Amino acid sequence: MLFARSFFWSHLKPSDICRHSPRFSSLFSSLSASSAASIEAERLLRDGPRNDWTRQQIRDIYDSPLLDLLFHGAQVHRHAHNFREVQQCTLLSIKTGGCSEDCSYCPQSSRYDTGVKAQKLMTKDVVLEAAKKAKEAGSTRFCMGAAWRDTIGRKTNFNQILDYVKEIREMGMEVCCTLGMIEKQQAIDLKKAGLTAYNHNLDTSREYYPNIITTRSYDERLKTLEFVRDAGINVCSGGIIGLGEAEEDRVGLLHTLATLPTHPESVPINALVAVKGTPLQDQKPVEIWEMIRMIATARITMPKAMVRLSAGRVKFSVPEQALCFLAGANSIFTGEKLLTTPNNDFDADQLMFKMLGLIPKAPSFTEDAEKAPEEESLQEAAS
Ligand code: SF4
């Protein structure tokens, strides 16, 4: 904006410095006009969440001046959530490596030489012990990830996982799984076992997706999300930035999520952790400004969702993470690892909570567990 203003003044001709000059009024109004972030945030506070976004509307929010976007992300966040609460989740890889898929960012694909060894499904004792430790450390949600294309034809393993879900739920934690694509009946079985949420990321825009994954389609991913939603399980779906995509692809991802018939209850925003041996090993690191832009746009377009500051957090300093929380992020993953990549130190996270005045979010087990206050309160906030 500063640049825009100095450019504006330095390129004025004497004839323009007249209040009646058309050039003066059009340039001046473009600099002083409200940003799309401000207009949409106000509209949201007045009318409540919506899912009829056009792609251009989301693009305009995304392109708002960064500090304005950050401010309005914070404004929407404060009206839709308790801004001090941040959920701590722990993600455990219960079946690592040897995956048949070709996701270009993933060290667990058997197609890439990354040093990750294929392992069998973890036993019940090991998984429950990890869940117990996570709970003791303050996590309220335990997520289990398995490196599979899908769960079809894995009846024994799937039944084992149903048992893990039941046990962890009985420990008083929310339970989430990410097991690849699932079918309708499997979603129903997971719901019956007590699953809180199912994670299945769209990763990027529909257009850029074939550059990242060729072994399953965008529509197959959306089908899994539909089965999850129909079974009454909360949907957790987001993406990764830093894959070499354009900004338009980031907007495209958010547009797909924000126009689903019901917004996902949870939207993880990941920054690529480039792993040696994967096709994306040389990608340049994501900058904090890019994360803030994604988080604030996700917050404004899907106000009630838990926006998760996920992979890549380890690269960001506490002040940088503070900006992400301000922009609207309200969940993090704790624990040494995020599947196979490093994560933030537990003690450092506790210190950060203390320093920023954040408090852990308690688990919630109703159908609308992670939904924010009703429309009414959003409307009240507008008045
Ligand atoms: S992201 Fe999941 S599906 Fe893709 S290669 Fe990795 S483990 Fe397999």
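Two residues are in contact if their C-beta atoms, placed from the backbone, lie within 7 Å. The model is predicted. The protein has 383 residues, of which 45% are buried, and its secondary structure comes to 15 helices and 12 strands.

**Overall make-up**
- Of the contacts between residues at least 6 apart in sequence, 80% join residues at least 24 apart.

**Ligand surroundings**
- Around the ligand stand Cys 99, Glu 101, Cys 103, Cys 106, Gln 108, Ser 109, Ala 147, Arg 149 and Gly 180.
- This shell consists of four nonpolar, three polar and two charged residues.
- In the unreviewed UniProt entry, the annotation "binding site" covers Cys 99, Cys 103 and Cys 106, and these three cysteines are among the residues that surround the ligand.

**Cys 99**
- Cys 99 is placed in the loop between strand 1 (85–95) and helix 6 (124–136).
- Cys 99 counts as buried because it has 23 C-beta neighbours inside 10 Å, where 20 or more are required.
- Leaving aside residues up to four places away in sequence, Cys 99 touches Gln 108, Ser 109, Ser 110, Ala 147, Trp 148 and Arg 149.
- Among these contacts of Cys 99 are Gln 108, Ser 109, Ala 147 and Arg 149, which also belong to the ligand's surroundings.

**Cys 106**
- Cys 106 also sits in the loop between strand 1 and helix 6.
- With 25 other C-beta atoms within 10 Å, Cys 106 is buried.

Terms used. Residues are numbered from 1 along each chain as its sequence is written. This is a predicted model: local features need pLDDT of at least 70, side-chain atom pairs count only at pLDDT 80 or more; totals for chains, interfaces and linings use all residues. A residue is near a molecule or strand if its C-beta atom, placed from the backbone, lies within 6 Å of it. Ala, Val, Leu, Ile, Met, Phe, Trp, Tyr, Cys and Pro count as nonpolar, Asp, Glu, Lys and Arg as charged, and the others, Gly among them, as polar. Helices (H or I, at least four residues) and strands (E, at least two) are DSSP runs, numbered from the N terminus. A residue is buried if 20 or more other C-beta atoms lie within 10 Å of its own, exposed if 12 or fewer, and partly exposed in between; C-beta atoms are placed from the backbone. UniProt positions are given in the numbering used here, feature names are shortened, and annotations may be inferred rather than shown by experiment.
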